[in-house]
Amino acid sequence: MSQQPPNWASEARWKKIAIWVTAGSFVLLIFLTFDTLSKTSVGGERVRAYSVINQEIDYRFNAQKNRFMPVIGKEAPLFGKVVTETEAEQLVTLGKKTVQSKNCMNCHTLLGNGAYYAPDLTKAWLDPNWIDAANRENLMLAFLKDPVGNARANASGRKMPNLGITDEEAHGIVAFLKWMSAIDTNGFPNNFKTLNAKEQP
Ligand code: HEC
């Protein structure tokens with residue numbers, strides 16, 4: 001007489017479990033996709049609208065959340081000109097496309113992605129090495145157009161090569177870097193000291 005397999009070994013039971021686990025994961029994935037989209041889309045709390053480049057951006061320690069967070073301050077238009085949302089988007093997009101076409105990630109990281117030869121660019125706008133906060137956009141412009149002639153004092157002794165960036169592209173990159181610095185990155189990069197921050201934990 002053939003014996004029935006025990007309940008836990010029944011094929012039908014495992015098929016049912018597999019179907020329920022797959023269906024459950026699928027629903028969870030859809031939920032997480034929408035949850036992430038709402039946090040990563042431009043114009044939200046974490047990723048600010050492009051027109052944030054019209055404002056002062058700082059990065060301060062939030063004791064409640066125990067991490068650094070971007071703080072959006074008073075009006076501080078980039079290159080002294082308030083831009084509309086559309087103009088800001090065009091400028092930031094030009095910067096982003098230039099960063100992609102010139103492959104800055106070959107040396108730098110952006111939001112943690114890229115190479116580790118040169119500093120992370122996520123908060124480059126707030127880097128204390130610009131020293132003069134009021135004039136930093138012009139210092140950045142000059143640096144991007146001629147990084148060899150305007151090489152900064154940095155401990156590594158590494159130099160950024162001249163990448164043939166045009167004046168227009170450099171304006172876009174500065175806008176892109178300013179916009180990116182306003183992204184709430186959960187405190188990334190760690191231990192980053194900003195240009196203006198007076199208090200540090
Ligand atoms: C071949 C490697 C290399 C490439 C490619 C490169 N960089 Fe750099 N970059 C460096 C090095 C090295 C430094 C640090 C030297 C210095 O500050 O003088 C630097 C510094 C910088 C800084 C200052 C960083 C800070 O924290 O303030 C900015 C901004 C910057 N690069 C932007 C760019 C952009 C935008 C691109 C692409 C268009 C790019 N880099 C491509 C090597 C590179």
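The following legends describe close-up views of a predicted model. Local features are limited to residues with pLDDT of at least 70 and side-chain atom pairs to pLDDT 80 or more, whereas totals for chains, interfaces and linings use all residues. Residue numbers start from 1 along each chain as its sequence is written.

**View 1. Domain division of the chain.** Domain 1 covers 10-40 and domain 2 covers 50-181; these bounds come from an automatic or database domain assignment. The centres of the two domains, taken over C-alpha atoms, are 40 Å apart.

**View 2. Packing of helix 3 against helix 4.** Helices (H or I, at least four residues) and strands (E, at least two) are DSSP runs, numbered from the N terminus. Helix 3 (residues 136-145) packs on helix 4 (residues 167-181) at an angle of about 130°, and their axes are 9 Å apart. Helix 3 is therefore oblique to helix 4. Axes are lines fitted to C-alpha atoms, for helices over the stretch in contact, with angles from 0 to 180 degrees between N-to-C directions; angles under 35 degrees count as roughly parallel, over 145 as roughly antiparallel, 65 to 115 as roughly perpendicular and the rest as oblique. Helix 3 contributes Glu 137, Met 140, Leu 141, Leu 144 and Lys 145 to the contact, and helix 4 contributes Asp 167, Ala 170, His 171, Ile 173 and Val 174 (C-beta atoms, placed from the backbone, within 7 Å). By class, six of these residues are nonpolar, one is polar and three are charged (Ala, Val, Leu, Ile, Met, Phe, Trp, Tyr, Cys and Pro count as nonpolar, Asp, Glu, Lys and Arg as charged, and the others, Gly among them, as polar).

**View 3. Packing of helix 2 against helix 4.** Helix 2 (residues 85-101) meets helix 4 at an angle of about 100°, with the axes 7 Å apart. Helix 2 is thus roughly perpendicular to helix 4. Contact residues of helix 2 include Leu 91, Val 92 and Leu 94, and those of helix 4 include Phe 176 and Trp 179. The contact comprises eight nonpolar, four polar and two charged residues.

View 4. Among the 25 residues around the ligand, the nearest are Cys 104, Cys 107, Ala 118, Asp 127 and Met 160 (C-beta atom, placed from the backbone, within 6 Å). The shell has 15 nonpolar, five polar and five charged residues.

**View 5. Backbone details at Asn 66 and Pro 189.** Asn 66, in the loop between strand 1 (55-62) and strand 2 (67-75), has a positive phi near 60° although the residue is not glycine. Phe 188 and Pro 189 are joined by a cis peptide bond with omega of about -10°. Pro 189 is placed in the segment after helix 4.

Notes:
Contact = placed C-beta atoms within 7 Å.
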